[in-house]
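Student: I have a structure open and would like to learn to read it. Can we take it feature by feature?

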Amino acid sequence: MSKAHHDRTHHAKKATGIGDPQCFKGEGGKPKFKAGDTVRIRDMADFFYTRCQTYTRGAVGTVTLAVYESPAAEDEAWDNTDKPEWFYSVKFRQKDLWPDYPSAFPNDTVETEFSERWLEKA
Amino acid sequence: MKSPTRSEVMRHLDLVGQLQPAYHQPAQAPYPDEIDHEHFRALLRSPHDIGGEADISIRWEEKQEEQWEANTFATCECLAWRGVWSAEERRRRQNSDVGQTQYLGLPYYGRWLLTAARIMVDKQYVTLTELNNKFEEVRKRYEQSPSR
């Protein structure tokens, strides 16, 4: 049974007057990565729900920012907020994501967010 | 057995067949040894993770927000304020749990509205029987309304 069923105000109690994800500040532990780190996106099991786009799996990008701490989408989507983790903004070269990307645009990038579990040092 | 309801049911079955996602291999009711790891991954792909899928461009038109869309948004926000769901649970339900046919086939706020009804049933704020009875009541009122 979801937590909301027995205490459906648990998130409101935590976030009211503070905001979300600010209410999870300090709960993600020490960040594993920092701006400038090169990371590879892990290709892990993703049953039922994830925000980690499949097209990024195995690709290498650069961390631009440790953005905030929050429960990972996999947990939060079932109302579980027990284990917040760091989220990172990661920038990829388009050429590294799409094999057929036109060579005429070598500087094109795409930047997107990942929770820490999806990243490993490259 | 001919009746307006029976012909509507037959038209419904035809249309559902045409709305199935195109998977250009025989794909109905496979035996277990016909599903390898690659097929399994493809079948479990969440419908909202569309990046990299081959597709054609879609028609885009500017449009005003309709009243029912604003009402739907407000209803869903109220459900969040009352702790019935978080934004992420709402997204999981309306972008992923709905499945590919509904994800691609329903208007954007149609998915919001359907999902709002679904969570009320899933978390037992209303029973499915109550929802269906309400729907029948509203349909009757609609059919009898002179403005139709």
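Tutor: Start with one strand pair. A:Arg40 has A:Glu120 in β5(A) as its bridge partner. Strands here are DSSP runs of E, at least two residues long, and helices are runs of H or I, at least four residues long, numbered from the N terminus. This is a predicted model: local features need pLDDT of at least 70, side-chain atom pairs count only at pLDDT 80 or more, and totals for chains, interfaces and linings use all residues. Residues are numbered from 1 along each chain as its sequence is written, and chains are lettered from A and ligands numbered from 1 in the order in which they are written.

Student: In which sense do β1(A) and β5(A) pair?

Tutor: Antiparallel, over three bridges. Two strands pair if DSSP finds at least two bridges between them. β1(A) also pairs with β2(A), residues 60-71, in the antiparallel sense over three bridges. There, A:Val39 stands opposite A:Gly61.

Student: Which side chains of β1(A) point to which face?

Tutor: In a regular strand the side chains alternate between the two faces of the sheet. In β1(A), residues 38-41, A:Val39 and A:Ile41 point to one face and are buried.

Student: Now the helices. How do α4(B) and α6(B) cross?

Tutor: Two packed helices are described by the angle between their axes and the distance between the axes. The axes of α4(B), residues 87-97, and α6(B), residues 108-122, come within 9 Å and cross at roughly 115°. Axes are lines fitted to C-alpha atoms over the stretch in contact, with angles from 0 to 180 degrees between N-to-C directions. The two helices are therefore roughly perpendicular (65 to 115 degrees).

Student: Which residues of α4(B) meet α6(B)?

Tutor: B:Arg90, B:Arg93 and B:Gln94 do. Their partners in α6(B) include B:Trp112 and B:Ile119. Contact means C-beta atoms, placed from the backbone, within 7 Å.

Student: And how do α3(B) and α6(B) cross?

Tutor: The axes of α3(B), residues 67-81, and α6(B) come within 9 Å and cross at roughly 40°. Among the contact residues are B:Phe73 and B:Leu79 of α3(B), and B:Trp112 and B:Leu113 of α6(B).

Student: How many residues of chain B are in contact with chain A?

Tutor: 14 residues of chain B are in contact with 15 residues of chain A.

Notes
Angles under 35 degrees count as roughly parallel, over 145 as roughly antiparallel, 65 to 115 as roughly perpendicular and the rest as oblique. Two residues are in contact if their C-beta atoms, placed from the backbone, lie within 7 Å. A residue is buried if 20 or more other C-beta atoms lie within 10 Å of its own, exposed if 12 or fewer, and partly exposed in between; C-beta atoms are placed from the backbone.
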